[in-house]
Amino acid sequence: MKPFLHRQSPSKTPPPPGTPTKVQTFRRLSRYMTRYAGKLALVIGLLLIGTILNLLVPYLLGVGINNLSGPRDATALQQTVVWMVAAAIGSWVLMACQGQVLARLVQQGLYDLRQHLFNHMMPLSLGFFDRRPIGELISSVTNDSEVISLFFRSYLGELISQSLRFIFLVIAMFWLDWRLAIAALAISPLFTGFMKLLSTASGPAYQELQAQIGELSGLMEETVSGQKVVIAYDRQDEAVASFKELSLAAMEAGKKAKFISQLSRPGTLVLTNLDIALVALVGGFLTLKGLTNVGIVATFLQYTRQLAVPLSTFAGAVDPLFAAIASGERVFRILDEKPAIVDKPNAQPMPPIQGHVEFRDVDFSYVLGRKILKHNTFEARPGQKIGLCGPTGAGKSTMINLITRYYDVDSGNILIDGYSIYDVQQEDLRKQIGIVLQEPFLFSDTVMNNLRYARLAAMDAECMEAAKRANAHDFIMRLPDGYNTLLAERGSNLSQGQRQLLTIARMMVQDPRMVILDEATSNVDTQTEKKIQEALDRLMEGRTSFVIAHRLSTIRDSDLILVLKAGEIIERGTHDEMMSNQGFYYNLFMSQFKGKLEGIAHAA
Amino acid sequence: MGLLPSLRRFIRIYKGYERPFWVAQLLQAIASIFTLLVPLMSQQLLDQGLLVGNQDVVLSSVMWMVLFSILAAGFSLANSWYAVQFGERTAHAVRMYLYRKIQTFSFGNLDQFPTSDLLVNMTSDVNQIKTVVEQVILLLAQTPVLLLGSLYLIYANSPGLAWIMWLVVGVTLAILYLALQQIGALFEDRQAKLDAVNRVLQEDLSGIRVVKAFVQEDYEMRRYDQANVAFRKSSLRPMQIAVFIQPTLFAIVNLATAGALWFGGNPTNPDAVSVGQIVAFSQYLATVLIPLVSVAIVMPQISAAEASATRMFHVMDAQPTVPSAASPTRLTPETAQGRIVFEHVSFQYPPQEGQHPTPVLQQINLTIEPGQTVAFLGATGSGKSTLVNLIPRFYDVTAGRITIDGVDVRDIPLQDLHQIVAIALQESVLFSGTVRDNVCYGRPDATEEAMTAAAIAADADSFVSASPEGYDASVARRGANFSGGQRQRLSIARALAVQPKIVILDDSTSALDMDTEARVQDAISTLMHGATTIFVAQRISTVIGADQIFLMEAGEIVASGTHTDLVRTSPLYQLICESQLGGVPA
């Protein structure tokens, strides 16, 4: 029995309508380079002259040959050679310069792309991130940028210079002898047709490849980040087997896609060689008829041979180009995402929150058809502590997502101090609400920097003060480098509880006007929690706070407790009120003793 | 060290696959020979055809050209096919190597390698190596064949000019060698900067909630910008050198052409050559240009691949921190009783680079009898989770030993050990697949009854059966389509399904409400009758019914006993009771 294998074959899902063409995607990618018009113009200018000089060499060769065909003139020969050398060196200098300018341009363009992508993602709404496994997003972004980067780094310069070369060759050929030029250029329509054929054939193959790579990356990320479970249950062999299957599929897809695009090489080879043959034939014919001379034919053969260089460069660039375009499509899909939660056009800044919170008949679902919250209505006065409890999946954490506008309600309204949260600026709102989440998240940075994250302008002393109030100061001082200790990625140098303490301290640095604790203390043992409770109580004094906890002792002293079950508020009141009602809350509370301590001094 | 040490080491994986490789090279060599013959025909055309006005020679030369072209293309096609096969197979092989290696990792190794770095290894680095392999196969035979072929033909035709060719070859090789040297180190730096950029990205994507909670999007953009700029600069440096290569090669060829004209055509030169020979020579030079240009493009990629191969070996060379049993003792779930003894156990985490080792457990001594239900309770960072992680050997003790039924856990093969000890970790991770796949993860051959029984005991059966597909319902990646509490219960069911002799639940009921937790605990003790059950917890409610409670503080056991004992004797325990239950029970 192997998990991981239940997925729809990616190629069966058709591409979404309105998919841009390859050319459109390429143009959009190129814009990252073309925006530096000045530098680009310089590059092209240098390339122009450099290529002309480069092409002078075979031309001068022809001159020299003609010289040699007749009576040999040493001085003329010498002159020709000197010019050739000058052209060669001149060309070198210009090409080298253009290379430097181009390198800078390409790297700048790629930098822009990466930054643009990142800057676009950050403000996107949480729904975007929740919908996608992180691994896929990351490898899509990093892989795809690398593939795009490879094309521009390695092939762009070549393509520009070879295109120019091609143009000049054509001009030179026509200038020399238009008949031979036509013979030489007979290859062009064939070449273009051939490339078009390849492009059409490789399209679906590349899409399949991308899909397979995406699957593979997803699996990789899932198991590598969940590797501890794989180890704990000794399922390494199965993991390898599942991976092997996907890897093989990716391999087959890769073979197909790559082979098709590799066809460009032998194809170009045959076309260019046939071209030379054609030129030789026509040239020979014309010479024998006296319409042209050996020297020109020699030059033409040289030029036609030279034609092979840009053509085979184009052929060699086909694969990286197609790959870059495919990656470009994925990147642009992200860039085309719009944030789901936007401020209204005339959104007001949120004045300092007093804390009067109202939920009016709020309904919400993450996924259409599965309601998480139904008809939630309640009111919290400024400074009150509201406790939320209930079975898991009842919708408590969801409430938090709604107050902070990470998601928008389906119907109903949420008001703070009489302002609908949909009328105010989101950032203003969030800055004033402090949240401590269930899963503590810290950056792999120093302790001090993590604390300061809440308010970049906070001084060291303020952070330490906050840490003291959260009772994190003691264990921080016991760390090897104290506040300068670097936190590791998987956090093995801190326990879950310690990490949670740090997040609480961080919130204290923020000093918010409203506080939300999402089961924040369930990973912290109750001894320390007691001290944190005191500090939090101090913090919550005068501020409205929402506390979600399974440990009912945490919310016992709330001004109002809301009991949520299956998305509805089934019971509400103070602890005392509900205990005397002996309803759902009463049962919940009593179950923590499990009948082991009958006769306990009434905790009520 | 020599040139490209990692790539040379890498090539060894091809042992046994040499034959297809050489066949591919042979095909390319033949293709190249035919390509060389085309300019030979040009020469013939000019010298023996046009210059003397012989039409027949002209025609036959052209025909030969056509023939040679087609043959060259045909062989080149075959070579391309091989190249693609090779490249993709290589990618597959390298991916498997790395993945298999990661599967041999223990917890200690995982701590050493951040997930994002490993992912970059498996994707970007693998791609880099694959690309180079493909390119090498396509070019390898071509370049020397064209060079040698051109040299031979020049010798045959115009020995007087041959020395120019030698000069060209020599200078070109020197330049390429120099470039490779310079670029190599620069690429390593580039990959390191790429790692840094990706790390910021991964952190910010994983922690996006925090970024948004503190409205720090702007700050993060600046942070990313910094890493991005550093990456851009490190990318620029190798590219600056790489762009020199091609113009230089062109210049060499141009100068050589000039030289050919001068030395070949100079009337004072006794070795004066014919016009046709000069043209042929310049044709051979141009012929050589094509592979040289390709080499110029591929060369920097070779440097990049070297850097990638080095990183790959960094992972491959990691030693598992938990070595396999040297003298394995068979202790099966059938024969095991479940008696756990800690003897003078101390532990500290393997230190990361540049960090001091922090002692986490000190002198732990305890005994757990078979079938007991015990609990570890303690303050934050007291070492509870660390302690229980030692039992299934996720880490090895740094002093002392742990025995199960008298056998040191280090002598039990890991596979057996993990059948005897099943643990539901603090972080409940599920995998994509079906619910059934996940619950039976530790024991794929579990019967339907056993699986259901485990699920019932974990209070997971109720919500699983409530959905239309039941146990065949699909689990999204990371179990994202289930709530935190549901994931926990499935994670517990998974541990129970193994039917182990020792069950460890590491804070795995934290997301459950009291009611559910109580039910689960009762059900577990019924299902796992006879098994040793260990709870690691924060809540008194979890531990209250245990046969033995171990109270931990700062890596030591400060008190142990039943709830009643501890209430009487331990002030710390009394304190906890008071804060949780609001009063010490009489």
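How many bridges join strand β1 (residues 340-348) of chain B to β2(B)? Six bridges join them, and the two strands run antiparallel. Helices (H or I, at least four residues) and strands (E, at least two) are DSSP runs, numbered from the N terminus, and two strands pair if DSSP finds at least two bridges between them.

The model is predicted: local features need pLDDT of at least 70, side-chain atom pairs count only at pLDDT 80 or more, and totals for chains, interfaces and linings use all residues. Residues are numbered from 1 along each chain as its sequence is written, chains are lettered from A and ligands numbered from 1 in the order in which they are written, and side-chain values use heavy atoms, with hydrogens and water left out.

**Sheets of chain B**

Strands β1(B) and β2(B) belong to an open sheet of four strands with antiparallel pairing, in the order β2-β1-β4-β5 (chain B). β2 (359-368) and β5 (407-408) of chain B are at the edges with a single partner strand each, so one side of each has no neighbour in the sheet.

Another open sheet of chain B has six strands, ordered β6-β9-β10-β3-β11-β12, and its pairing is mixed. Its edge strands, β6 (421-424) and β12 (556-561) of chain B, pair on one side only. From one strand to the next the twist averages 20°. Five bridges link strand β11 (residues 548-553) of chain B to β12(B) in the antiparallel sense; B:Phe550 has B:Ser560 in β12(B) as its bridge partner. Helix α16 (residues 484-497) of chain B packs on this sheet and touches β6 and β9 (502-506) of chain B. The direction of α16 makes about 180° with that of β6(B). Contact here means heavy atoms within 4.5 Å, and axes are lines fitted to C-alpha atoms, for helices over the stretch in contact, with angles from 0 to 180 degrees between N-to-C directions.

**A hairpin in chain A**

Strands β1 (residues 357-365) and β2 (residues 371-380) of chain A pair in the antiparallel sense over six bridges. They form a hairpin with five residues between them. A:Ser365 stands opposite A:Lys371 in β2(A).

**Confidence**

The model scores ipTM 0.78 and pTM 0.75. The table gives pLDDT, the predictor's confidence in each residue, from 0 to 100.

| Chain | Mean pLDDT | Residues at 70 or more |
|---|---|---|
| Chain A | 81 | 89% |
| Chain B | 82 | 92% |

In chain A, confidence is lowest in helix α18 (residues 526-540), at a mean of 68, and highest in strand β4 (residues 411-416), at 91. Over residues 1-15 of chain A the pLDDT is below 50, and this stretch has 34 contacts in the model beyond near neighbours in sequence. Residues 595-604 of chain A also have pLDDT below 50, with 14 contacts beyond near neighbours in sequence. In chain B, the lowest confidence is in helix α6 (residues 142-157), at a mean of 74, and the highest is in strand β4 (residues 399-404), at 92.

The structure holds 15 cavities of 30 Å³ or more. On a 1 Å grid over the protein atoms alone, a cavity is a set of points where a 1.4 Å probe fits but cannot get out, and lining residues have an atom within 4 Å of a point. Grid points are joined across faces, edges and corners, and a volume is the space filled by probe spheres set on the points.

The second largest cavity contains about 420 Å³ of space. Of its 26 lining residues, the closest to its centre are A:Arg153, A:Ser154, A:Glu158, B:Ala242 and B:Val243. Helix α9(B) gives the most to this lining, with seven residues. The lining of the second largest cavity has 14 nonpolar, nine polar and three charged residues. Ala, Val, Leu, Ile, Met, Phe, Trp, Tyr, Cys and Pro count as nonpolar, Asp, Glu, Lys and Arg as charged, and the others, Gly among them, as polar.

**Positive phi**

Most residues other than glycine have a negative phi. A:Asp417 has a positive phi near 55° and lies in the loop between β4 and β5 (419-420) of chain A. The phi of B:Asp459 is positive, near 60°.

How values were computed
1 Å grid on protein atoms, 1.4 Å probe; cavity = no way out; pocket = protein on both sides within 12 Å on 5 of 7 lines; lining within 4 Å.
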